[in-house]
Amino acid sequence: MSGEGFPYAPENWPEDGDIWGWRTGRRIVANRSHFQDRYLYLPNRLIRALKEEKEKENPGSGADSGSSSSSIRRQQHIFASKLAVERYIKTYFPDADIDAFFASFSWKIPALRSNGNALPIAAVPLQQIAQEAYDSDSGDVVKCKARNKKCTSLVLEEIEKYSPAMHCDICCSEPGFCRDCCCILCCKTVSSAYGGYNYIKCQVNSGGGICGHVAHMECALRCLLAGKVGGNIGLDAQYHCRRCDGRTDMIWHVNNLLQTCRAADLDDEIRKKILNLGACLLRGSQKPVAKELLCRIELAISKLKCGTNLEDIWKEDDSFIAHSADNGNDVMEVMVYDDPFEVRTGLESYDFLPRSIKLESEVDQVLRALRKSQELEYKVAEETLQDQKTYLKNLYQQLDCEKYELACQNSSTSDVSSSAVRERKKQIRREVAKFEIMKKVANGFGRTSNDIVKEHFGLKVID
């Protein structure tokens, strides 16, 4: 098979209108579902440029232009490897970004065996891919081991997004298990309904490729592999993948859940279930952003319980207080015990939760600023004391040398006098006294005399 341009060859590079060509061989990588042999062709403009360059180098070759053109085609404008392409670009376009060039298209061309022939997956209708992947037992065919027709491994964009995949000979060696659609904890298939809210795909790259294993969020919560978990595992609004031990921040996942809940055509029960799941992932977290997000979720749940309109659910209202129509109290309990992931909280706290989060954020900012200032003061004290220590050591060494020379010298050739030794001792006594004063900073700059801080450490003192 062959073609031109995206997604298997560059387009408009290096100039607009330059369309590269691509071609595949017949071999397919064993157990990998992509072509082993693939070739890249130069655009016509660059081929002509190569021909003109060759004719300038060999003026007498014009009579045999057909042979020259054929030689160029065979040797210079067909590339069978990334290395060959890279050499060409470095030779003719030395300032080009090699990584950006290869990122503009897919080097690997996925394959599907259809009617005995290997075809690029993009050349085959998606329905045919799913049917053949489901029915065929051939190792060369892209298929889901769990026989799931809706598996993401059958979608070209998903294949490219999570490539290269990490090699797995543990769970993926089990028959009927597919890393792309089977939960690593319960082995049941996940559902992509409602934006795939109920599962997470590990995108950690451990060096050997992207993990790509999926897990139900509820399974991860039950197994203490998601949310806030203490002990040795130490999770804080995170997900821990059992396969690769990689960790994923749940903030982005919960934000995606909120976006899903904003859909107007979503059933309220499903919306509430999604919000409850997000609350469970964030509850107990010490991260300020997680606390703020949890507050918004619990507020949205309470509004749903009160029958608030969809447009009003997502409005920011710090003073929202729900009033019970039965007893006139300002407290309404959200206590549903049928669902193990249901939110259990009271609305009496919603009046001050946003304000409390703001206060926590302000306190965190103050503490960070204090720590930064203390680190700066510590660094100043360390450098100043170290300099004084080094200076004293040098003075002691000079004194020892002068004493030794004074003891060994002849009076006729004396370069060091006893008076010089006495002056050196006085200098050392002054510096030692200065050092003792500087040591008072051990009590902290706040408890040290302003004169000492200003004179010996060079810090400005505000009265």
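How much space lies in the second largest pocket? About 320 Å³ lies there, where a pocket is an open set of points on a 1 Å grid over the protein atoms alone, with protein on both sides within 12 Å along at least five of seven lines, and a volume is the space filled by probe spheres set on the points, which are joined across faces, edges and corners. Of the 19 residues that line this pocket, meaning those with an atom within 4 Å of a point, the closest to its centre are Y162, G195, G196, Y199 and K201. Two or more lining residues come from each of helix 6 (156–161), strand 7 (199–201) and helix 8 (251–261), helices (H or I, at least four residues) and strands (E, at least two) being DSSP runs numbered from the N terminus. Helix 8 contributes the most, with five residues.

The model is a predicted one, in which local features need pLDDT of at least 70 and side-chain atom pairs count only at pLDDT 80 or more, while totals for chains, interfaces and linings use all residues. Residues are numbered from 1 along each chain as its sequence is written, and side-chain values use heavy atoms, with hydrogens and water left out.

K201, one of the residues closest to the centre of the second largest pocket, also forms a salt bridge with D180, with the closest N and O atoms 2.9 Å apart; a salt bridge is a side-chain nitrogen of Lys or Arg within 4 Å of a carboxyl oxygen of Asp or Glu. This pair links distant parts of the chain, since K201 is in strand 7 and D180 in the loop between helix 6 and strand 7, 21 residues apart. Both K201 and D180 are buried, a word that stands for under 20% relative accessible area, with exposed over 50% and partly exposed in between (1.4 Å probe, protein chains only).

The structure holds 12 salt bridges, and another of them joins R222 and E218 (3.9 Å, N to O), which both lie in helix 7 (residues 217–222), four residues apart, about one turn of the helix. R222 counts as exposed because its relative accessible area is 53%, whereas E218 is partly exposed because its value is 26%.

Methods. On a 1 Å grid over the protein atoms alone, a cavity is a set of points where a 1.4 Å probe fits but cannot get out, and a pocket is an open set with protein on both sides within 12 Å along at least five of seven lines; lining residues have an atom within 4 Å of a point.
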